Amino acid sequence: MRGISIYLSDSISRHEGYIAKMKSAGFTSIFTSLQIPEENPDLSVKRLKELGELAKKYGMELTVDISPKSLKRLGCTWESIDRLTSWGLTGLRIDYGISEEIIVELSRKMKIALNASTLTKEGMRRLKSLGLSIENTEAWHNYYPRPETGLDRKDFSLQNDWLQKEGILVAAFIPGDEEKRGPLYSGLPTLEDHRRSSPFLAYLDLKINESVDKILIGDVRISEKSLEQFSAFNQNIFLLRAKPFVQNDILQKDISVVQTNRVDAARDVIRSQESRENGLVGKPLLEPIHTIARKKGSITVDNLLYGRYRGEIQIVKRDLTADEKVNVIGKVIDEDLPLLPFIKGGTKFKIKWMDIE
């Protein structure tokens with residue numbers, strides 16, 4: 001599951017277009033907070049209700065970070081908190097200052113998110129003994145605005161492992177790359193490793209390498225280029241951006257279609273199974289040209305000197321030497337090079353040339 005964060009520091013109406021686009025790209029969850037000191041508490045309740053209406057309109061979850069103090073501002077008590085569901089809230093992220101008995105009672109009314117980083121095995125045992133509703137309970141890690149304070153990967157992995165064995169869904173945050181949240185504007189990741197990562201790469205790392213169940217963008221907004229990658233991934237396609245080395249519009253057009261890495265995946269290259277089946281074979285575009293050394297990320301086409309292999313499209317996964325039989329026609333941009341290991345056998349991918357719309 002993927003999610004976004006919408007904060008109450010400015011007008012909610014300006015976020016509706018973004019919410020709609022993110023929903024179309026497969027994002028189904030919204031997070032907001034009532035515990036940000038910089039925000040106006042008088043406006044927070046009004047904007048929370050407006051955000052709840054948008055969440056209902058687009059069929060998205062809405063989880064709110066809450067405390068006893070912010071609950072009082074909402075005019076609610078723990079006993080009456082379930083009426084917040086009429087505002088569009090579907091879950092509460094709760095932390096310090098709330099008794100275990102209240103946490104258990106809340107879990108019987110709505111979805112709750114506990115602090116994944118500080119929850120202990122003993123604490124979980126007590127909550128279960130009190131009747132915690134596991135099916136309504138998630139464990140969310142914090143995000144960390146200050147550089148150098150994000151979590152260590154090893155501890156993160158160990159904590160997630162036992163939480164998931166307890167039957168608890170685990171959530172974590174990744175940074176945005178367009179509009180970052182103040183006051184530091186240094187990203188809002190859970191893992192310090194992701195502080196300067198692209199949102200899509202951080203997402204893949206959490207989803208595939210760390211098996212995190214729910215991943216939310218902590219910052220205010222991601223860029224259109226990142227949204228495009230998430231949208232493609234929602235169709236099970238990896239979008240790779242590349243710069244061309246040769247100016248041949250026909251060749252570039254033929255290569256910028258959806259392709260599939262062969263199921264019998266090679267160690268050194270990603271091999272397009274479609275390219276030799278119905279791609280470039282027989283076209284007068286395979287004369288030897290630009291047969292330079294193949295750096296990691298190089299996009300290549302086997303030329304006519306390769307005989308029956310001519311026309312095969314590859315993306316190089318490690319540095320390889322020049323080969324007179326292989327034309328190097330472009331290269332994946334540096335930002336997208338870390339995506340190559342995620343393209344396994346049978347995975348679909350698409351190349352987008354950066355100077356071609």
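Four bridges join strand β7 (residues 169-174) to strand β8, and the two run parallel. Strands count as paired if DSSP finds at least two bridges between them. Helices (H or I, at least four residues) and strands (E, at least two) are DSSP runs, numbered from the N terminus. The model is a predicted one; local features need pLDDT of at least 70, side-chain atom pairs count only at pLDDT 80 or more, and totals for chains, interfaces and linings use all residues. Residues are numbered from 1 along each chain as its sequence is written, and side-chain values use heavy atoms, with hydrogens and water left out.

Strand β8 itself spans residues 214-217, and both of its faces are covered. Lys214 and Leu216 are buried on one side. Ile215 and Ile217 are buried on the other. Buried means under 20% relative accessible area, exposed over 50%, and partly exposed in between (1.4 Å probe, protein chains only).

Strand β7, helix α7 (residues 199-209) and strand β8 make a right-handed β-α-β unit. A crossover is right-handed if, with the strands pointing away from the viewer, the path from the first strand over the helix to the second runs clockwise. Helix α7 is mostly covered, with eight of its 11 residues buried. The buried residues are Pro199, Phe200, Leu201, Ala202, Tyr203, Leu204, Asp205 and Leu206. They pack against β1, α6 (153-165), β7, β8, α8 and β9 (237-244). Just after α7, Ser211 takes a positive phi of about 55°.

The loop between β7 and α7 holds His194. His194 has a relative accessible area of 2%, so this residue is buried. Leaving aside neighbours within four places in sequence, His194 is in contact (heavy atoms within 4.5 Å) with Arg153, Ile174, Pro175, Pro189, Ala202, Asp205 and Leu206. Pro183 lies in the loop between β7 and α7. The peptide bond from Gly182 to Pro183 is cis, with omega near 10°.

Val220 is buried because its relative accessible area is 10%. Leaving aside neighbours within four places in sequence, Val220 is in contact with Ser5, Tyr7, Arg14, His15, Tyr18, Glu179, Lys180 and Arg181. The C-alpha atoms of Val220 and Glu79, 141 residues apart along the chain, are separated by 32 Å. Two of the contact residues of Val220, Tyr7 and Arg181, also form a charge-ring pair: the charged end of Arg181 sits over the ring of Tyr7, 4.8 Å from its centre. The charged end of Arg221 sits over the ring of Tyr18, 4.6 Å from its centre. A charge sits over a ring if NZ of Lys or CZ of Arg is within 6 Å of the ring centre and within 35 degrees of the ring normal.

In helix α8, the buried residues are Ser226, Leu227, Gln229, Phe230, Ala232 and Phe233. Their cover includes β1, α1 (16-24), β2 (27-33), β7, α7 and β9.

Aromatic rings were also paired. Rings of Phe, Tyr and Trp (its six-membered ring) pair if their centres lie within 6.5 Å; planes under 30 degrees apart count as stacked, over 60 as edge-to-face and the rest as tilted. The count comes to 13 aromatic pairs. The rings of Phe200 and Phe233 have centres 5.6 Å apart and planes at 70°, so this pair is edge-to-face. Phe200 lies in α7 and Phe233 in α8, so the pair ties together parts that are 33 residues apart in sequence. Phe200 is buried at 0% relative accessibility. Phe233 is buried too, with a relative accessible area of 12%. Phe27, Phe200, Tyr203, Phe230, Phe233 and Phe238 form one aromatic cluster.

Positive phi values also occur in loops. Asn236 is found in the loop between α8 and β9. Its phi is positive, about 65°, although Asn236 is not a glycine. At 60% relative accessibility, Asn236 counts as exposed. His290 is found in the loop between α10 (273-279) and β12 (298-302). His290 is not a glycine, yet has a positive phi of about 50°. His290 is partly exposed, with a relative accessible area of 30%.
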